[in-house]
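Try each task before you read its solution.

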Amino acid sequence: MRKNSTLEALLKEHHKDAFLWSLQCCGYNHDDASDVLQMVYLKIVEGKATFKEQSSFKTWLFSVIRFTAIDYIKKQPPFNSLELIQIAEEPIVYKEETNYKKMLLQLPERQQQILLLAFYHHMTLKAIAETTGLHIGTVRTHYERGKMALRKLIQTVAI
């Protein structure tokens, strides 16, 4: 077991990445991401989530964030903003500058998740499998399919 000061140092070291992952797990809603991250930190401090050193700290932390976000989102009442409905009906138009985030959002959720963890959080496919609770083969498949789909989207914009 890690001492509180070591745990605190690890949490501070990974806070920025943890918030970004929380943000991604919460559909880019800043308020929900902050709430989820606060709940994760409380779970850790209260001992409800303990790091058993079976994987890297970051992998374990991201896994706790993911499962907490899933529970949090399930408990939220359904809400459809009129702005979101109007945006969803409009086709995505790319200007001179390519918006890769919008392209990534066009991919299936699982592919988005895996590509974000691989490219933005620099996680290995094995670490992604541990974080998401998926089999390594499934992660590889979604990773490859996501890259191919993203490549096609980029090529259509470049034309």
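Here are the exercises, after two notes on the model. This is a predicted model, where local features need pLDDT of at least 70 and side-chain atom pairs count only at pLDDT 80 or more, while totals for chains, interfaces and linings use all residues. Residues are numbered from 1 along each chain as its sequence is written, and side-chain values use heavy atoms, with hydrogens and water left out.

**Exercise 1.** Work out how many disulfides there are, and whether Cys 25 is buried or exposed.

*Solution.* Start with the rule: a disulfide is a pair of cysteine sulfur atoms within 2.5 Å. By that rule, you get zero disulfides. Take Cys 25: its nearest cysteine sulfur belongs to Cys 26 and sits 6.5 Å away. Next, accessibility: buried means under 20% relative accessible area, exposed over 50%, partly exposed in between (1.4 Å probe, protein chains only). Cys 25 comes out buried at 17%, and Cys 26 is buried too, at 8%.

**Exercise 2.** Find which helix gives the largest share of the lining of the largest pocket.

*Solution.* Helices here are DSSP runs (H or I, at least four residues), numbered from the N terminus. Helices H1 (4-25), H3 (57-75) and H6 (109-119) each supply at least two lining residues of the largest pocket. H6 takes the largest share, with five residues.
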